[in-house]
Amino acid sequence: METTTKKHLNNLNNTDKVLRYVSFQHIMKLTDQPVDWAYEVWDGLLILLKEGDNHQRTMAVQLLSNLTKSDPQQRMLIDFERLMSVTKDEKFVTARHSLQALWKIGIVSETCRNKVIEALSKRFEECSTEKNGTLIRYDIIEVFRKMYDEVEDEKLRDTAVALIETEDDAKYRKKYSAIWKDILKGQKINFNIQGVT
């Protein structure tokens with residue numbers, strides 16, 4: 001790993017939040033492509049998931065999600081639940097940003113995708129009674145859409161439709177289905193909402 005990258009990674013533990021964020025952005029850009037140093041930082045990021053402040057927890061989820069493309073050992077399949085735990089973080093913005101990053105895991109392989117589908121389907125069901133449940137559900141449906149746009153796996157569309165149909169409130173069914181409207185246009189899928197089929 002080159003010195004500049006190492007410096008930016010070390011800055012994730014810096015108390016200066018501006019410096020930390022600049023370094024996070026730099027590392028995110030680097031990890032948009034596969035890197036050969038993923039396992040040098042993997043365990044440290046797992047520690048941040050639990051021991052970091054709310055910003056560091058989110059950064060760790062986002063970076064690990066990005067690093068999944070650099071994970072030939074498929075460690076993400078073992079560590080995925082640790083990322084999922086941050087989607088229930090006490091700080092809602094941390095939970096939400098973490099959840100929104102998970103699509104990057106699901107596009108790496110079918111095995112990873114199935115893991116994300118299973119976990120988010122369960123999360124969709126269990127969040128119905130939470131304070132921000134409708135926002136969480138919206139984000140989950142959006143994650144399915146982002147994965148679908150990348151890999152065009154019909155299982156993603158079918159699962160999203162099935163989840164949307166479990167929503168009791170017509171207003172929210174309509175809102176969630178709007179994420180898929182262009183894909184579903186002309187198809188005989190009924191959301192039981194006037195004007196959205």
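**Helix packing and buried residues in a predicted model**

The axes of helix 9 (residues 133-151) and helix 11 (residues 170-178) come within 9 Å of each other and cross at roughly 30° in this structure, which is a predicted model. Because angles under 35 degrees count as roughly parallel, helix 9 and helix 11 are described as roughly parallel to each other, and their crossing is right-handed. The contact brings Thr134, Arg137, Tyr138 and Ile141 of helix 9 together with Tyr172, Lys175 and Tyr176 of helix 11; by residue class, it divides into four nonpolar, one polar and two charged.

One of the residues in this contact, Arg137 of helix 9, is buried, with a relative accessible area of 8%. When neighbours within four places in sequence are left aside, Arg137 is in contact with Phe124, Glu125, Cys127, Ser128, Glu167 and Tyr176. Another residue of helix 9 that takes part in the contact with helix 11, Ile141, is listed among the members of the largest nonpolar core that touch the most other members.

On the side of helix 4 the contact is made by Arg57, Val61, Leu64 and Ser65, and on the side of helix 5 by Met76, Leu83 and Val86. These residues divide into five nonpolar, one polar and one charged.

The largest nonpolar core holds 54 residues, of which Leu12, Leu45, Leu120, Ile141, Phe144 and Trp180 touch the most other members. With its neighbours within four places in sequence left aside, Leu45 is in contact with Leu12, Ala60, Leu63, Leu64 and Leu67. Leu64 also belongs to the contact of helix 4 with helix 5.

Helix 4 also carries Gln56, which counts as buried at 9% relative accessibility. Apart from neighbours within four places in sequence, Gln56 is in contact with Leu12, Asn13, Arg20 and Leu48. The C-alpha atoms of Gln56 and Glu40, by contrast, are 18 Å apart in space, the two residues being 16 residues apart in sequence.

A further buried residue is Arg113, at 10% relative accessibility, which lies in helix 8 (residues 110-126). Sequence neighbours within four places aside, Arg113 is in contact with Gly106, Ile107, Met147, Val151, Asp153 and Leu156. Its C-alpha atom is separated by 11 Å from that of Met76, 37 residues away along the chain.

Backbone geometry was also examined. Most residues other than glycine have a negative phi. Gln74, although not a glycine, has a positive phi of about 55°; its place is in the loop between helix 4 and helix 5, where Gln74 is partly exposed, with a relative accessible area of 37%. Glu152, likewise not a glycine, has a positive phi of about 50° and is located in the loop between helix 9 and helix 10 (154-165). With a relative accessible area of 58%, Glu152 is classed as exposed, because the exposed class covers values over 50%.

Technical notes: Residues are numbered from 1 along each chain as its sequence is written. This is a predicted model: local features need pLDDT of at least 70, side-chain atom pairs count only at pLDDT 80 or more; totals for chains, interfaces and linings use all residues. Side-chain values use heavy atoms; hydrogens and water are left out. Contact means heavy atoms within 4.5 Å. Helices (H or I, at least four residues) and strands (E, at least two) are DSSP runs, numbered from the N terminus. Ala, Val, Leu, Ile, Met, Phe, Trp, Tyr, Cys and Pro count as nonpolar, Asp, Glu, Lys and Arg as charged, and the others, Gly among them, as polar. A nonpolar core is a set of buried Ala, Val, Leu, Ile, Met, Phe, Trp, Tyr and Cys residues joined through side-chain atoms within 4.5 Å. Buried means under 20% relative accessible area, exposed over 50%, partly exposed in between (1.4 Å probe, protein chains only). Axes are lines fitted to C-alpha atoms, for helices over the stretch in contact, and angles run from 0 to 180 degrees between N-to-C directions. Angles under 35 degrees count as roughly parallel, over 145 as roughly antiparallel, 65 to 115 as roughly perpendicular and the rest as oblique. A crossing is left-handed if the near helix is turned anticlockwise from the far one by less than a right angle, and right-handed if clockwise.
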